Amino acid sequence: MASKVDPEKTNGADSEEETRTCEIEEVALVVPETDDPSLPVMTFRTWFLGITSCTILIFLNTFFSYRTQPLAISAILMQIAVLPVGKFMAKILPNKDFNLMGFKFNLNPGPFNMKEHVVITIFANCGFSAGGGDAYSTGAITVMKAYYHQSLSFLCGLFIVLTSQMIGYGWAGLLRRYLVDPVEMWWPANVAQVSLFRALHEKEHKAKGMTRMKFFLFAFAASFFYYLFPGYLFQILSFFSWVCWAWPHNITAQQIGSGAKGLGIGAFTLDWAGISAYHGNPLVTPWVSILNVGVGFVMFIYIILPLCYWKYDTFDARKFPIFSNQLFTNKGLKYDTTKITTPQLELDIAAYDNYGKLYLSPLFALSIGSGFARFSATLIHVALFHGGAILKQSKSAVNNAKMDIHEKLMQSYKHVPEWWFLIILFFSIALSLLMSFVWRETVQLAWWGMIFAFVLSFIVTLPVGVIQATTNQQPGFDIIAQFMIGYVLPGKPIANLLFKIYGRISTVHALSFLSDLKLGVYMKIPPRCMYTAQVLLISPKYCMLGI
């Protein structure tokens, strides 16, 4: 939980004191409280490096998403890589004005500055799309073509990937006043990015101790050499378990000690990808949030799961691996889903009754079951702890809302009208509904199912966003979304996939866009430049469908 700076004593009439500094201590210590509006932002360097980095990250993340253990390459890679390239372009490009069809621009308007660097990173963030939204959209298309052998057209696939993201951007525009403008919505992950930007660009006066740039370079070199051991030279350190090593042929020991296929008791890892796999980057996640996840992990993995598996044998659990994402028959064999589907890719009830019920591994079953609790807890937590603030924000005029120093500095730029976002939202909804009519047999999701998904996504984005903006954790509601459409449209697996994309993954995109909008506030990027970059960077998504 973020701590707040003690407010200065005022006489109540001095409104300037309210905007002197940010109330969130972590933000006040890291984010600059100054701005230089004269810095160029949307330069040729910004567009070239931004689109290039976005395309590269989209390709790499889509490619690596098909691994058994997917590898996610974040935008920090491009944030570091584009700096020398940007400075190199500032040295060699001519300082000359050009006119292209009435559009005037300069290839080199001056030194490569921090605002250009921020917008390029926002481009790259689209290629990363935290939460795996793009990977899931393209993964769903892969499932439709590879597992269900559908002849999915390129245009239909393009509609799925494009509209799911555009709808997310529409939700982001509508929820800015709740998830970007309030001081309390501080988005912890952005603070680390701001610190890195300042370390890379700001010149520090010589003083005792280490400068930010030196610290960054030392940490960068140390992390590189550190990763050589678990990643290349001694890969056993990625998931090392002395329990499995001591009893290599004992099944129970493997179930207890394995860090990859068991409970992981006595196991440890030096691989940073494993350390940060399930709760994000622990360096930027608030300690209370990490502690909350840790307590839940111990209760779930070390208490509930062993009782269900070894003591009570819940649902014949001991017939199956303790940890697996596969489906099984009642004899513990792999379940062949092709035997229970019709040529129209719908569930054949008679074939299902004949083949038998399907079973899940204990951990997978409990994980799915806990999804209902997560969804309920998310709504109740936000209602109890943030409901009053949300209601107050809804009733009060935006101009009368309390502003910190960062929001006040942003007042010098033209803001983006809400109807700009509404155009994108209505257009993407119209394309989605068109898809449900034109490719009805392919997507299996009727128009009313699409509207149901839109309503669910809009309702859930706000409470999930509040939690992510304050704790850096994004609770999922995948299970409840799939359960809802499974109850309404039983026996239609493709409809279930599409409903999850529009009901859940569009929320992932919306939160990614909202996080970038808050980063734009911290770094004083003109809102209309942010809008232009975020809208136009959707176009590189086309390359995902060709991988």
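What follows is a chat about a predicted model of a protein chain.

Biologist: What should I know about the model before we start?
Modeller: The model is predicted: local features need pLDDT of at least 70, side-chain atom pairs count only at pLDDT 80 or more, and totals for chains, interfaces and linings use all residues. Residues are numbered from 1 along each chain as its sequence is written, and side-chain values use heavy atoms, with hydrogens and water left out.

Biologist: What is the mean pLDDT of the protein chain?
Modeller: The mean is 82, and 86% of the residues reach 70 or more. pLDDT is the predictor's confidence in each residue, from 0 to 100.

Biologist: Where is confidence lowest, and where is it highest?
Modeller: It is lowest in helix α12 (residues 272-275), with a mean of 69, and highest in helix α17 (residues 418-438), at 94. Helices here are DSSP runs of H or I with at least four residues, numbered from the N terminus. Over residues 3-18 the pLDDT is below 50.

Biologist: Now the core. Which residues have the most contacts inside the largest nonpolar core?
Modeller: Leu179, Met435, Leu498 and Tyr502, in a core of 91 residues. A nonpolar core is a set of buried Ala, Val, Leu, Ile, Met, Phe, Trp, Tyr and Cys residues joined through side-chain atoms within 4.5 Å. Buried means under 20% relative accessible area, with a 1.4 Å probe and protein chains only.

Biologist: Which helix gives the most to this core?
Modeller: Helix α21 (residues 493-522), with 15 residues.

Biologist: And what is Leu179 in contact with?
Modeller: Leaving aside neighbours within four places in sequence, Leu179 contacts Met185, Trp187, Thr461, Leu462, Gly465, Val466 and Leu514. Contact means heavy atoms within 4.5 Å.

Biologist: Different topic. Is Asn190 buried or exposed?
Modeller: Asn190 is buried, because its relative accessible area is 2%. Asn190 sits in helix α8 (residues 188-201).

Biologist: What does Asn190 touch?
Modeller: Not counting residues up to four places away in sequence, Asn190 touches Ser515, Lys518, Leu519 and Tyr522. A polar atom of the Asn190 side chain lies 2.8 Å from the backbone oxygen of Ser515.

Biologist: And Ser436, buried or exposed?
Modeller: Ser436 counts as buried, because its relative accessibility is 1%. Ser436 belongs to helix α17. Beyond residues up to four places away in sequence, Ser436 touches Val443, Leu445, Ala446, Trp447 and Met450.

Conventions
Buried < 20%, exposed > 50% of the residue type's maximum accessible area, 1.4 Å probe, protein only. Helix = DSSP H or I, 4+ residues; strand = E, 2+ residues; numbered from the N terminus. Polar contact = N/O pair within 3.5 Å; in protein donor to acceptor, adjacent residues only side chain to side chain.
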